[in-house]
Amino acid sequence: MPIEDISELVEKLEKAGEIRRVKILVDTNLEISEILSRVMYSNGPAILFENVKNYDMPILANAFGSLRRLEIGLEMQDFTEIGQRIVDMTRMEMPTGIFDKLRKLPELSKMVDIAPKLQKSGPVTEVIEDAPSFDKIPILKTWPKDAGKFITFGLIATKHPETGVRNLGVYRMQIIDSTHALMHWQKHKRGAHHYDIKKDSGNKIEAAIIIGSDPATVFSAVAPVPEGLDKYVFAGITRKTGIKTVKCRTVDLEVPANAEIVLEGYVDPSDIRMEGPFGDHTGYYTPPEPYPVFTLTGIMRRQKPIYLTTIVGKPILEDAYIGKVIERSFLPLIRMFHPEVIDFSMPASGWFQGMAIISIKKRYPGQAKKVMMGLWGMGQLALTKFFVVVDEDVNVHDLNDVIWAITTRSDAARDTIIINNTPTDTLDPASPFVNLGSKIGIDATQKTKEEGYQREIQELVKPDEVTKKMVDSKWSSYGI
């Protein structure tokens, strides 16, 4: 059975020796962040802060700060399974005759199994706050020049105003006062799109901020799923079974029944205020910008909730490992649209959105550029600044191998393409304008004469196979 909530995750991490409990008094104002940055940069464990100054709620952080902990949380070792399940479902043929229907029943039942299941109540409905306020929640101030306290790991639930498809996204929220916070909806994110639709009609948009849930739902909120796929369904695909949901009390939204805390409210397009600065995952403070205000209208929570949070800053921190799982899980989807792709890597040091390396099985001239153009048209990859395409014999996860391919298989003038005036990540500190900049693609595949390579292709240096096998058999006797 999949892990159902944060408390169960803590138990599993404890059994695996992947968590430490901090029992002395700690402060949400910079101290916890400093502790966490040291732990994360040194590849340390998850931390449960049990004694938080001015609060009676424990704080869990770095819960997903290693691939081992993500394997425990998502209960799998091969994260490509997640994307492969989506690919398999898209290839399912709908049954026609009675015998075909009977034969397909096991496959069709999987579709029902992954759907969310609405409940009347759940652990998150144990306490309904009469006077909702952010004040009782141990929200962190991360960096000294941050504009204030920020919710960093809230799963923001909205639904498409026209289709009703539910979305979860992780967007930072700066606390203004007891009942107001700024919603950092970046222009290219799905939550912002829902907001824009409502804004155009002059209406507020309802939202719910989910703090802590089962690992699959947390992962689903971060994952850039294909357009139109309900995030709760994606959570079911990841878990292999549907999540349980409950209705919010003050807004028309469903949220995970096993959440720790749910903050209900709405975002008002007529109330825009300056948000930031904030030390973000690029390693820079993002400057103040105008964003809409979220007004808190209700809180549901467990009797004894755990506040799940994270910190971001210069890579590599906890978000890097979640990004690596996203990279692996979406490889099958990339292959579905681009069958020539062998492997795909987004280096964590490039804060994932900055660079992608793709290996392909090259069959015709210009194929590397074709792949680049195709990937720049796929969802959030439209924001990736650097693409490097290499041959299938190059390991995309070994930057030394990639650099070797760039320097031996690409010519700067012939194999580099630059595209101006394209969408960029809102947080990109290098783009000349917010949300607008340029992209670069490097074709580091071996060139053919059709691509302008007029020389004879030089032969790769490889060991003699007979000698290699002989040395393999004698290796232990060398005493090396």
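Modeller: Happy to! Domain bounds here come from an automatic or database domain assignment, and for this chain that assignment gives domain 1 (79-303) and domain 2 (338-451). A word on the basis: this is a predicted model, where local features need pLDDT of at least 70, side-chain atom pairs count only at pLDDT 80 or more, and totals for chains, interfaces and linings use all residues. Residues are numbered from 1 along each chain as its sequence is written, and side-chain values use heavy atoms, with hydrogens and water left out.

Taken over C-alpha atoms, the centres of domain 1 and domain 2 are 31 Å apart. Contact (heavy atoms within 4.5 Å) links 14 residues of domain 1 with 11 residues of domain 2. The buried area, meaning the accessible area (1.4 Å probe) that two parts lose on being put together, summed over both, is about 1,100 Å² between domain 1 and domain 2, and carbon and sulfur atoms give 63% of that. On the side of domain 1, H188, H281 and T282 supply 47% of the area buried against domain 2, more than any other three residues.
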